[in-house]
Amino acid sequence: MGTASMFGKHTFDVELDCPWMTADVWVTFTNDGEGLVTLESVVTRPHQLDITNLVNQDYLFDLIGEFVSNADYHESDHGN
């Protein structure tokens, strides 16, 4: 098992929890392939409200890191 290459723009869904609510959201990010990961948006489902500025950015980057590390591994990701 390894870490897949996740270059380009990606979106995944996740539940965000806090003491008073749970929100189903889509998280969209880009990875330029040189280590720069940019958070594009956090949008609620199904109402499509952009809550990017309302969510802890460090937590979102942790979620992005988890998403990338759990991606499907393929031999070609490492030139094998």
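Colleague: How many helices and strands does the protein have?

Modeller: Helices here are DSSP runs of H or I with at least four residues, and strands are runs of E with at least two, numbered from the N terminus. By that rule, the protein has 1 helix and 3 strands.

Colleague: Where does the model come from, and how are residues numbered?

Modeller: This is a predicted model, where local features need pLDDT of at least 70, side-chain atom pairs count only at pLDDT 80 or more, and totals for chains, interfaces and linings use all residues. Side-chain values use heavy atoms, without hydrogens and water, and each chain is numbered as its sequence is written, from 1.

Colleague: Which pattern do the elements follow along the sequence?

Modeller: Strand β3 covers 37-44 and helix α1 covers 57-69. Strands β1 (8-18) and β2 (21-31) are also present. Read along the sequence, the pattern is β-β-β-α.

Colleague: Which peptide bond is cis?

Modeller: Look at the loop between β3 and α1, where Pro46 lies. Omega is near 0° for the bond in question. That bond runs from Arg45 to Pro46.

Colleague: Is Gln48 buried or exposed?

Modeller: Gln48 is also placed in the loop between β3 and α1. Its phi is near 55°, a positive value in a residue other than glycine. Buried means under 20% relative accessible area, exposed over 50%, and partly exposed in between, with a 1.4 Å probe and protein chains only. Gln48 has a relative accessible area of 55%, so Gln48 is exposed.

Colleague: What about Thr44: buried or exposed?

Modeller: Thr44 lies in strand β3. Leaving aside neighbours within four places in sequence, Thr44 is in contact (heavy atoms within 4.5 Å) with Asp24, Val25, Trp26, Leu49 and Ile51. Its relative accessibility is 11%, so Thr44 counts as buried.

Colleague: Which residues touch the most other members of the largest nonpolar core?

Modeller: A nonpolar core is a set of buried Ala, Val, Leu, Ile, Met, Phe, Trp, Tyr and Cys residues joined through side-chain atoms within 4.5 Å. The largest one has 17 residues, and those touching the most other members are Val25, Val27 and Val42.

Colleague: Which elements give two or more residues to this core?

Modeller: In soluble globular proteins, nonpolar side chains tend to be buried together. In this core, the elements giving two or more residues are β1, β2, β3 and α1.

Colleague: What share of the protein's residues is buried?

Modeller: The protein has 80 residues. The buried share is 32%.
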